[in-house]
Amino acid sequence: MTIAFDAPFEIDTRPAILDQFVTDETGRPGSRPRGVAYAAGLDEVLAVVGWARETRTPLIARGAGTSLEGHVLARGDELILDLSQADSILHLSAADFTATVQPGVTRTRLNAAAAEIGMQFTVDPGADASLGGMAATNASGTTSVRYGGMRTNVVALQAVFADGRAMRIGRAVRKSSSGYDLKDLLIGSAGTLAIITELTVRLHPIPEYLRSLRISFPTVRSAVAAAVDMLGLALPVSRLEFADAASMAAVNGFRGTGYPEAPALFIDLEAASDAAAASDEREIQRICLACGATEIDLARTHTERHALWEDRHRLFFALKARSPGHRFLVTDTAVPYSHIADAVDTATRLGAELGLDISAAGHIGDGNVHVVVPYTDESLPAAQRFSHAMVQHALDVGGTATGEHGIGLAKKQYLRAEHGDAVDVMAAIKRALDPYGLLNPGKILDP
Ligand SMILES: Cc1cc2nc3c(=O)[nH]c(=O)nc-3n(C[C@H](O)[C@H](O)[C@H](O)COP(=O)(O)OP(=O)(O)OC[C@H]3O[C@@H](n4cnc5c(N)ncnc54)[C@H](O)[C@@H]3O)c2cc1C
């Protein structure tokens, strides 16, 4: 039963429904929200935002709910504004290399539609996230080493601000120097500045000549050295992913594969011709062997490539399956290339010291390696100490607390250490755009 109370739209307040919103993929606990409203388009969003302003009701926009940083968890009496039904693909243009979509469209749906015109949407966070949520977290993923994340790939937006106005921001062109860049301000703002109701994103041609490799190494340092050498030689890698020995063991357990349980790189490379692809592939093999690679596996067919990347993409679920009854903390630091190996070594040392069963994997081509830490109530303090030490290490070497997942609830304490007085400018922007603090309060900045 959906209950309409003092609002000009329906709000679902059934306890069984609200209970679905009290935690996330990591198992982090939140509160039961006040209710859930669903919006299928601009008019509904305008109605919800207008009512929220009149009644001073805080709102949490929600896409697919795959955030790992507590972004969509309520902390008090917030209303969830679920945009998953705003899921129309409005326009695909092979001529302009763009797509215009509603925010609830998921990346796999957009990719399936784009493939019909020979194009692809490249931002790939693994989870089947919504385009609105991905823009709001400035998501990136396995292909960002070549194609960039959401800031690079969103060219224009429509958004509803807390004052009830809908605005179009940005233009569907490759570049623009016009005015302050409000488009890039909204990207990564986690629903704290406006609700995104439409996005125009870049599409890229599907490459004809693609090679995939999985390569095992004796040590983390040798895998990192090979990855950095590939980037240094400007090899056209479109995915450059790392998984440590524990991650590979989890994949074997979950997927029934027989990979060496040793540090590995997963690589895609794209080329303009078959000859170029073959030559680049040979160069990658040469680099890896020079760095001590112990096994090179070439995925030749579409099926083999698909299986290889499924293994990589299912890693988080493989790790979850390995630690039943646990909650999960996922670090997201990004560091300069010269500090990646140190970051993984620091994680391994700290994990052993704190008695945590950690594993590391991620987007090594972006200097962004995640450590997954299973924990229980008992080991929560150790997991928090671990996460804090990883962030501190990243900040000390000039990196960031979060390469792609966002600040959310968990990383707020590091904002000033990372940005200094610029946090005051961020707070002033928040106050100017959302004076009553109604949009996703307590995320990124404290109210
Ligand atoms: C297995 C797994 C792997 C992952 N790997 C990656 C990865 O490689 N890279 C990466 O970047 N992330 C990754 N993530 C995290 C997550 O997928 C991303 O943060 C994603 O961008 C969230 O999209 P969503 O649709 O689920 O958004 P949600 O979780 O629903 O929301 C995220 C934030 O966006 C806001 N929001 C949602 N929709 C709108 C809107 N229309 N307007 C304004 N604000 C809105 C919400 O309020 C919230 O603050 C992973 C998650 C999982 C579970």
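I began with the lining of the largest pocket, to which α4 gives the most, with five residues; helices (H or I, at least four residues) and strands (E, at least two) are DSSP runs, numbered from the N terminus. I note that this is a predicted model, in which local features need pLDDT of at least 70 and side-chain atom pairs count only at pLDDT 80 or more, while totals for chains, interfaces and linings use all residues. Residues are numbered from 1 along each chain as its sequence is written, and side-chain values use heavy atoms, with hydrogens and water left out.

**Entry: the pocket**

I worked with a 1 Å grid over the protein atoms alone, where a pocket is an open set of points with protein on both sides within 12 Å along at least five of seven lines, a cavity is a set where a 1.4 Å probe fits but cannot get out, and lining residues have an atom within 4 Å of a point. The largest pocket holds about 960 Å³ of space, a volume being the space filled by probe spheres set on the points, which are joined across faces, edges and corners. I found 50 residues in its lining, with Thr66, Ser67, Leu68, Pro125 and Ala127 nearest the centre. Elements that each supply at least two lining residues include α11 (302–313), β16 (359–363) and β17 (368–375).

**Entry: the ligand**

The space taken by the ligand is this largest pocket, on the rule that more than half of a molecule's atoms must lie within 2 Å of the grid points. I then listed the elements giving two or more residues to the shell around the ligand, and they are β2 (59–62), α4 (131–137), β9 (194–202) and α12 (315–322). The shell has 36 residues, the closest being Ala61, Gly63, Thr66, Pro125 and Ser130, where a residue counts if one of its heavy atoms lies within 4 Å. By class I recorded 18 nonpolar, 15 polar and three charged residues there, with Ala, Val, Leu, Ile, Met, Phe, Trp, Tyr, Cys and Pro as nonpolar, Asp, Glu, Lys and Arg as charged, and the others, Gly among them, as polar.

I next looked at backbone N or O atoms: that of Pro125 lies 2.5 Å from a nitrogen atom of the ligand, that of Ser140 lies 2.8 Å from a ligand nitrogen atom, and that of Ser67 lies 2.9 Å from a ligand oxygen atom.

**Entry: the cavity**

Helix α13 (residues 340–354) gives the most to its lining, with three residues, and the lining has seven nonpolar, two polar and no charged residues.

Conventions:
A polar contact is a pair of N or O atoms within 3.5 Å; within protein, one must be able to donate a hydrogen and the other to accept it, and residues adjacent in sequence count only if both atoms are side-chain atoms.
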